[in-house]
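The sequence and the structure are shown first, and the description follows.

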Amino acid sequence: MPISGGSDPSSAADDVAVQRTWRKPPALSSVGPRIAAYLEQFLAGSGFDRAPWIAVIFASGILAWFALGAAWQWLAGIGAGLLLAIAAGALLRGLDDRILLRQTLITIGLVFAAGIVTVWIRSELVGADPIARPTVERVQGYVLEREDQPARERIRLVLAVRDSESGQSRKIRINVPVEKADVAVAEGAIVKLRARLMPPASPMLPGAYDFARTAWFQGLAATGSLVGDIELIEAAEGGGRIPQIQRILSGHVRERVDGSAGTIAAAFASGDRGGIAEADEVAMRDAGLTHLLSISGLHVSAVIAAAYLVALKLLALIPAIALRVRLPIAAATVGAVAGIGYTLLTGAEVPTVRSCVAAMLVLIALAMGRDALSLRMVAMAAMFVMLLWPESVVGPSFQMSFSAVIAIVALSTSGPVKSFLAPREESWLIRSGRRVLMLFITGLVIEIALMPIVLFHFHRAGVYGAFANVFAIPLVTFISMPLIAFSLFLDLLGLGAPVWWLVERSLDLLLAIAHWTSAQPGSVKLMPQMSHLTIALFALGSLWLALWTGKARLLGFMPILAASMLLMATPVPDLLIGRDGRHVGVTMDGERLLSLRNSRSSYARDNLMELASVSSDPVPMAEWPDARCSTEFCLLNIERGTRDWTILMARNRDLIEERALAAACEQSDIVIADRYLPASCKPRWLKADRGFLQEHGGLSIDLKAERITAVSATQGEHGWWRGSAD
């Protein structure tokens with residue numbers, strides 16, 4: 001007899017089976033499709049635009065080539081990119097609901113690999129092996145470039161010479177005193193001279209400027225200085241060359257405008273910065289106004305915009321043209337010619353070319369009636385530069401210029417800004433106030449975007465740059481540059497003198513703003529070398545904020561927050577050792593820096609101060625009360641962390657009795673010397689003699705963490721590094 005209220009046994013078993021399936025972990029085969037579905041939905045709903053990100057991935061491939069140290073690693077990076085593309089195409093093939101994800105992964109893989117290939121090919125094509133050792137040679141060469149630097153009382157010549165041993169041609173750069181360089185020694189001349197040559201210098205310290213890398217991509221095998229006089233074998237052919245026109249224009253402007261203002265005016269008119277005094281350059285840098293001295297986006301845009309507007313208004317006054325020609329196209333053509341001419345005249349440097357390309361895209365958009373200000377336009381300009389000069393990606397010029405442009409475009413196209421600047425019924429005073437406030441906000445956003453890059457490359461940044469730029473940018477854009485152009489035009493009629501006086505007053509005001517801003521307390525922020533992880537997180541977060549739309553862009557604050565925490569935790573190195581062992585810096589409490597030698601080299605002193613985050617001049621080691629110095633060595637005891645450190649530093653290359661030296665080394669934790677030390681010298685922790693430093697380069701040491709950072713750690717097997725070969 002069935003029990004009342006009971007259930008079928010088979011039904012109960014099924015219920016138990018169902019319950020058991022809920023307790024099982026999800027099958028691995030179901031995790032992948034779920035993740036893919038989520039990513040597809042995320043990409044589809046987050047305003048994902050591939051064009052800007054293609055440029056970012058391409059730049060990432062280039063940066064990966066510089067970060068990876070060996071050929072097998074570069075091949076592995078290329079293989080990883082291709083493998084990602086192949087895997088995405090194979091695994092997601094046939095899934096119509098995963099089209100966006102599949103295309104994205106394939107694009108990432110192929111573009112990343114293409115970035116590595118591009119910079120690798122560029123390195124092989126243009127890289128020049130440096131000379132093996134310092135030498136004095138008598139050479140005969142063809143002048144490729146001439147750069148006048150009157151502020152430093154010298155002229156720089158780039159020569160193509162023939163190697164006496166191999167018979168192959170090579171490029172060298174020679175510094176020539178200004179009084180020994182004849183005007184005829186210009187591009188195209190053939191000269192004979194005796195020069196003291198050096199291989200291009202590697203970074204003095206970890207994080208310092210890598211001139212060897214720059215020289216590699218410029219094709220320079222050596223740099224040096226003139227010994228004796230120059231013999232002119234064959235003068236350059238005269239007439240019409242752009243560098244000669246540039247020098248004539250620069251000299252003409254400096255004749256019309258006196259003093260520092262004249263050197264700034266010459267820089268705006270011709271791109272010639274060689275006459276700017278060091279004090280003015282430092283003031284402009286610490287005030288956040290250095291970008292005004294480099295012919296880039298601001299200057300090219302001002303020239304093109306002025307040419308476009310003038311052409312548009314003048315052509316509109318001619319009915320025969322206005323009724324038959326589309327004026328925006330005609331004006332855009334005039335603007336393009338003016339922009340290209342200005343770019344060539346000012347030297348066609350990478351930032352100028354980048355700005356010119358971007359401006360050409362804007363003109364095309366205006367002529368077609370399209371939106372002229374977009375991130376796609378910036379991405380196209382970036383790809384153009386990276387395809388021609390992929391090495392520029394690791395330089396501050398590329399990073400700063402594109403970061404500023406991306407910040408401006410992302411800010412101006414955001415919803416709140418469009419709403420704030422939207423036309424409305426209000427007085428001209430309130431409307432002007434909105435524009436001024438927006439100019440200040442834009443300057444502030446640019447300063448925030450550029451701060452990590454500036455600190456990474458230069459270890460110092462102007463804090464009040466946003467305030468200085470509010471006044472300086474309108475002054476240069478709407479007053480100084482138009483006045484310079486108008487003065488040059490009036491000089492054709494002999495009537496330019498009054499306007500040149502106004503130019504001088506406006507540029508004196510610019511320099512006054514720079515010097516006043518840089519002199520304010522706390523105007524400069526100093527920072528030791530931040531890690532590559534820190535700057536990478538800053539870049540990732542900033543790009544995410546700029547290139548994404550909607551709520552998804554807020555995720556960019558996470559890497560920025562992590563980078564900020566890492567930045568604040570960046571330690572100041574306790575000990576800095578230059579690549580030659582001669583220049584040593586020890587950081588002390590109270591932002592003081594002890595230096596082993598009171599060097600006359602401002603380059604060495606500035607590097608030690610910047611990487612130690614010290615603004616006051618170093619104190620010579622021999623004058624420090626706790627240091628014991630003889631004519632041969634200095635001995636210093638310092639406390640770091642939980643222990644005392646004894647540092648022995650050689651002051652010269654005088655030979656010392658080996659037994660006495662071995663005893664001194666045995667009692668020291670660190671021994672530093674600019675010569676080879678015998679094997680009997682065995683300090684307790686580190687022997688940084690000439691042999692060690694030639695192999696590893698300059699050192700930055702954190703004694704508390706007992707961590708050594710060497711220049712060689714970031715060089716790998718790239719062609720410009722010759723550390724282990726010396």
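Predicted model: local features only at pLDDT ≥ 70, side-chain atom pairs only at ≥ 80, totals over all residues.

The space in the second largest pocket amounts to about 650 Å³. Its lining consists of 21 residues, and those closest to the centre of the pocket are V303, A306, M481, I484 and A485. By residue class, the lining comprises 20 nonpolar residues, one polar residue and no charged residue.

The protein as a whole has 726 residues, of which 45% are buried. Its secondary structure amounts to 24 helices and 18 strands. When contacts between residues at least 6 apart in sequence are considered, 64% of them join residues at least 24 apart.

Aromatic rings form a further topic. A pair of aromatic rings is described by the distance of the centres and the angle of the planes. Across the whole structure, a search finds 15 aromatic pairs. One of them joins F398 and F402; because their ring planes stand at 45°, with the centres 4.6 Å apart, this pair is tilted. Both residues belong to helix α15 (residues 396–412), and because they are four residues apart there, about one helical turn separates F398 from F402. F398 and F402 are both buried. A stacked arrangement is found for W544 and W548, with 4.3 Å centre to centre and 10° between the planes. W544 and W548 are likewise buried.

The two pairs are set out below.

| Aromatic pair | Centre to centre | Angle between planes | Arrangement |
|---|---|---|---|
| F398 and F402 | 4.6 Å | 45° | tilted |
| W544 and W548 | 4.3 Å | 10° | stacked |

Aromatic residues also gather in a group: W65, F66, W74, W120, W216, F217 and W720 make up one aromatic cluster.

Charged side chains meet aromatic rings as well. Over the ring of F420 sits the charged end of R434, at 5.0 Å from the ring centre. The charged end of R643 is placed over the ring of W645, and here the distance to the ring centre is 3.8 Å.

In summary, the second largest pocket has a lining with 20 nonpolar residues and no charged residue, and the 15 aromatic pairs of the structure include the stacked pair of W544 and W548.

Notes:
Residues numbered from 1 in each chain as written. Heavy atoms only, no water. Phe/Tyr/Trp six-rings, centres within 6.5 Å; stacked < 30°, edge-to-face > 60°. Helix = DSSP H or I, 4+ residues; strand = E, 2+ residues; numbered from the N terminus. Buried < 20%, exposed > 50% of the residue type's maximum accessible area, 1.4 Å probe, protein only. Lys NZ or Arg CZ within 6 Å of the ring centre and 35° of its normal. 1 Å grid on protein atoms, 1.4 Å probe; cavity = no way out; pocket = protein on both sides within 12 Å on 5 of 7 lines; lining within 4 Å. Points joined across faces, edges and corners; volume = space filled by probe spheres on them. Nonpolar A, V, L, I, M, F, W, Y, C, P; charged D, E, K, R; others polar. Contact = heavy atoms within 4.5 Å.
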